[in-house]
Each structure stands twice: as structure tokens, then as C-alpha cells.
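This report looks at a few local features of one structure.

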Amino acid sequence: HLKANAMRGKLRVDAGLWGGVIPGNRPELRRMLDSGALGFKCFLVHSGVDEFPNVDEKQLREAASELAGTGAPLLVHAELPGPIENARPSGDPASYETYLQSRPAAAEDQAIELLLRVCRETGARIHIVHLSSADALDILRRGRELPLTAETTPHYLHLEAEQVPPGRCEFKCAPPIRDHENRERLWRGLEEGLLDLVVSDHSPCTPHLKGHDFMKAWGGISSVQFVLPIVWTEAEKRGHSLQDLARWICEGPARLANLARKGAIAPGFDADFVVWSPEETFVVEPSIIEHRHKVTPYAGETLRGVVKATWLRGEPIYENGRHGGDARGQWLRRLP
């Protein structure tokens, strides 16, 4: 309710809220659903902020059992602490390779094996957020008959570890950006339908939280403004269509959050759409970045697809760099 009150009168787009699963709050989950939460998020490893502690396997099972039958998804940051604690990298903290060694793919893969078992045992809807390790695609393939889904992000589909310069902590996120071959396998996972959607995983911070030490820097990338052109830039190279793009970044997220009026341009849906030129290109520069702190790994990149205008529920809210109208966004609550 604090979050809902804080955004009242300030939303320029419609937005929903997720609840958090933390140790000991199982009795509150149904109450949060009744208050409008679309679903829940939890971490299996330290979240990076002490006020959102991670859950262990027992607490994960309890939450999944509580949510089974509700239709509400449990979103999981899928890394287990064991492989991370055992990694013990000793290289230069300004080297991206050092950070990459500190978050091995095994942390993701073992976590997703656990989620496969919990999903099979409880029947709860479980969704893996920001999947980075392409090795885990084989695990997802084994669970196709289950309500187990996964997403990836623009940075995992566009960037690659080999290109990250020393000390450039704007590239740091968790799980980490992995190598070129891993990126190509993630694209094949999208093509096969093992990955259901592509989301921003927008995680902003002030510049001083980044610095030049990968082992201490804040882990997060701000991508929400550039999801459309980043994904289109890469998708077009691989022969994908605008229909593929709409399925990954519009239909998929709406389906995950049970937003029945979102995700498509069709009769009975909210008239949310973007007017854009997929053939035009632009360069990412600080002057065009809308989020408060202009920290981005995409600085200087030429991307394909220029947004001309956006519409919210049939009304124009942005056109050629100008924001129009009042903050007309609404809180999208879970329907009873």
C-alpha cells in the first residue's frame, strides 16, 4: 500500500505491483493478492539489499504451495548461493572476467533444476526472471508440460562478455552478461519457445554506486526506454518479424501478469500502442535518456527503430520528444 500510495497521481503509464516473498511472510501472501498484487517475486540468493532477504528451499516450497491454485505467478531470481560462494575469484576486480567467474552459470542451472522440481511437486506457476545461462535451456525443455516459464533481457540478447571493457561497471548485472556463444543460444531458446518473453529488468542507480570495481559495484542495468530498439536491432539481423517482437515484449508480459486487456491491439483491449519507424536508426546519448541517472552500457550504440509516439488507452501521451497530457496512468490490480 505504501508503493501504491507513492505512485498515485504520478503514473504516465499503467502499472501493476508485485508482492515480495521473504522468510516468514507466507501468511501475508493471500492478503497481498486480495489487495491487488499481480504475483510475487523472491530471490534464492542475496538480493543486494538487506530489506529484501532471500528465501531458502524450504521457504520457496512453502510459498509455492501457498500460491498453487491461485493462478498468481511466483517470479524467482534463479541463482543459488552455493556455487557463488565456492567460486572465489582472485583476479583484478576491475576486470569483467573476474566478476564473471564470481557468478558461474552453475548457480543459475542448479537453481532452475530446483524450480523444476518445486513446480512439478506443487503445481504452482513459477517464472524464472532474467535468465542468463543458456545451459539452463535444456532444463526448461524437460519441463515443457509444467507451468514453468522463463524470460530473458535485452542486455543478454545484445551484449557479450568479450566486449566489456575494464572498469566499465555500467555493464554489471546479476546474473552476468555471458559470452558470445551463450548469447546466440539464448536467441535459439527464444526461437524454440523455451523463453516466453523479453523484459527490461530495469535496475537504475546513482553513478557513484557503479564506480570501477566490478566486485563492489551495484548490479543492474537501466533498459526500459530502449527495450524496443535493442531487441529489434538484434532480432532483425536474425530474420525475426515485428510479430515476433510483439509476442516477446507485449503479449508475453501481459500473459504472465494476467492482464487481460493488455498485450495486443485488438477489439476489447486497451488501445496501448507505439508509433515507430523500424527502419530508422539513432545513437544512444545522455541527452535523450529519460531515466534520472544517465548510466548505461548502451552509450554510443547505434540502434534500429525510432519511437515517434505512444498512446495509452486511446490517448496520445508522447510525440516526437514531447510528453503530453497529465499523468493518466492507472494502478493495474489483480482481478478477484
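## Hairpin E9–E10

The model is predicted. Strands E9 and E10 form a hairpin, with 2 residues between them. Arg-313 sits in the turn and has a positive phi of about 45 degrees.

E9 covers residues 302–312 and E10 covers residues 315–319. The two strands run antiparallel and are joined by 4 bridges.

Tyr-318 has His-323 of E11 as its bridge partner.

E10 and E11 form a hairpin with 2 residues between them. In this turn, Asn-320 has a positive phi of about 50 degrees.

## Helix pair H10–H11

How do H10 and H11 pack, and at what angle? Helix H10 spans residues 227–237, and helix H11 spans residues 242–256. They pack at about 135 degrees, with their axes 11 Å apart. H10 is therefore oblique to H11. Their crossing is right-handed.

Which residues make the contact? H10 contributes Val-227, Leu-228, Val-231, Trp-232 and Ala-235. H11 contributes Leu-242, Leu-245, Trp-248 and Ile-249. By class, the contact residues divide into 9 nonpolar, no polar and no charged.

Note on methods
Residues numbered from 1 in each chain as written. Predicted model: local features only at pLDDT ≥ 70, side-chain atom pairs only at ≥ 80, totals over all residues. Heavy atoms only, no water. Axes fitted to C-alpha atoms, helices over the stretch in contact; angles between N-to-C directions. Parallel < 35°, antiparallel > 145°, perpendicular 65-115°, else oblique. Left-handed = near helix turned anticlockwise from the far one by under 90°. Contact = heavy atoms within 4.5 Å. Nonpolar A, V, L, I, M, F, W, Y, C, P; charged D, E, K, R; others polar. Pairing = 2+ DSSP bridges.
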